[in-house]
Amino acid sequence: MPLLPVALALLCVVGPLSTDMYLPVLPGLAGELGTDASGAQLTLTAFLAGMVLGHPVFGPLADRFGRRRPLLAGAVGCAVATGLCALAPTLPWLIAFRFAAGFCGAAGVVLSRAVVADVLTGVRAARLAGLLVTLGGLAPVVAPPLGGAVAGTAGWRGVFWALTGVAVVVAAAVLVGVPETLPPERRVTGGTAGFARSVRAVVRDRAYLGYTGAFGFGFAVLFCWIAGAPFLLRRILGPGTGGTSAVFTAGAAITALTGLLSARLVGRVAPERLLRTGLRLLLGGSAALLAVAVAVPGDRVAAPLVLPPLGVICAGLGLVTPNAAALALSRLPYAAGTASALLGTFQSAAGALVAPLMGLGGGSALLPLAAGTALCSTAALLSARAATATAPGEPEVSRRSSR
């Protein structure tokens, strides 16, 4: 399966490209379709909503029918829906097509993790997960300038045609490079009753739930950073966008490089240990940020006080997310599709919950960010401890119980 890592890598970058490459064209889109900024942003919300709803659909389907057919259907559907976005005559049509693209695109997110769990375990699974996280971290860095360059010559519809081309390449990579990794004897049978048993098997495994909590709350820290940091950086760096963009680029690079380091170390260092190290970095950086928020008046907060803790947080994310995901999915190889779907659903729900809370600080931009990252980091650490408290051997629910 020499093309499998390439196909999985493409599946990991298409989601970030579909959201971040698209951001620079929102003003032009709003003007041409006769809407305002809120209307244009609804197209982004529709894509994310489709992603969230697609998770619990494609995961169980893949456990029932295998990985290849749902994954290929999702990849083709995403390409078709993205092409229709480029042809959308009105805002409602564009919103509908973006929702469809997000729904179908969820197949790649869910099933790429399930495929990794099918073919690799333990150290090798964590290593590949680290590499995929690295690629996923680099994609948001290059996507906005790439989208701006395409929009400058071809407009917002040109961006969607470019994304359609990417989606077609992904579908071709799935067709050629992703074999069926779930043999019939390992699939969940029994229709709706079999699916219900599979879900029960997943949610009863306490170690899986603990690692999933660490993964989801770790991503909630990331959403705190994405939603809260722009306001903080604008306050301490001035009204220009150049400094803010540079800090976000640096943060994404730190996360990606730490993920790559995790992938290189995981053969010599246990994934559990790397996860604990990442969680300590998250909690330490968040605690330092919270100390600054409490001790320093808002008008005296400066970049040297907050940028180092933010860098530590970004470094922790590169260790937490790949290792927590690999450890969670390794618990349930017989229901990896359902397990991956619940993993992604909790991830999205946690992020959607904390992001709006970053604006509740009134005049303080630092306090909600510091408090949010501290609370989510603590929750992630406690979840990981609950996972390791469970016996490290077989899951609590045996493979037979999922049938």
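How do the axes of helix H10 and helix H13 cross?

## H10 against H13

The axes of H10 (residues 271-295) and H13 (residues 366-389) come within 8 Å and cross at roughly 155°. Axes here are lines fitted to C-alpha atoms, for helices over the stretch in contact, and angles run from 0 to 180 degrees between N-to-C directions. H10 is therefore roughly antiparallel to H13, a label for angles over 145 degrees. The crossing of these two helices is left-handed: the near helix is turned anticlockwise from the far one by less than a right angle.

Contact means heavy atoms within 4.5 Å. On H10 the contact residues include Leu275, Leu279, Leu282, Leu283 and Ser286. H13 contributes, among them, Leu366, Leu367, Ala370, Thr373, Ser377 and Ala384.

## Basis of the model

The model is predicted: local features need pLDDT of at least 70, side-chain atom pairs count only at pLDDT 80 or more, and totals for chains, interfaces and linings use all residues. Residues are numbered from 1 along each chain as its sequence is written, and side-chain values use heavy atoms, with hydrogens and water left out. Helices are DSSP runs (H or I, at least four residues), numbered from the N terminus.

## H5 and its partners

H4 (residues 68-87) packs on H5 (residues 91-119) at an angle of about 155°, with the axes 8 Å apart. That makes H4 roughly antiparallel to H5. H4 passes H5 in a left-handed crossing. Gly74, Gly77, Cys78 and Ala81 are among the H4 residues in contact. Facing them, H5 supplies residues including Phe97, Arg98, Cys104 and Gly108.

H1 (residues 4-20) also packs with H5, at about 145° and with the axes 10 Å apart. This crossing, too, is left-handed. Leu4, Leu8, Leu11 and Ser18 of H1 make the contact. Their H5 counterparts include Arg98, Gly108 and Ser112.

## Surface patch

Val76, Val80, Leu84, Leu87 and Trp161 form a nonpolar surface patch with about 460 Å² of accessible area together. Patch residues have over 30% relative accessible area and no salt bridge, and nonpolar side chains are joined within 5 Å. Areas come from the Shrake-Rupley method with a 1.4 Å probe. H4 gives the largest share, four residues. Valine 80 lies in H4.

## Salt bridges

The structure holds four salt bridges (a side-chain nitrogen of Lys or Arg within 4 Å of a carboxyl oxygen of Asp or Glu). Glutamate 32 lies in H2 (residues 26-33) and arginine 157 in H6 (residues 122-177), so the pair ties together parts 125 residues apart in sequence.

Technical notes:
Patches are made of residues with over 30% relative accessible area and no salt bridge: like charges are joined within 9 Å, nonpolar side chains (Val, Leu, Ile, Met, Phe, Trp, Tyr) within 5 Å. Angles under 35 degrees count as roughly parallel, over 145 as roughly antiparallel, 65 to 115 as roughly perpendicular and the rest as oblique.
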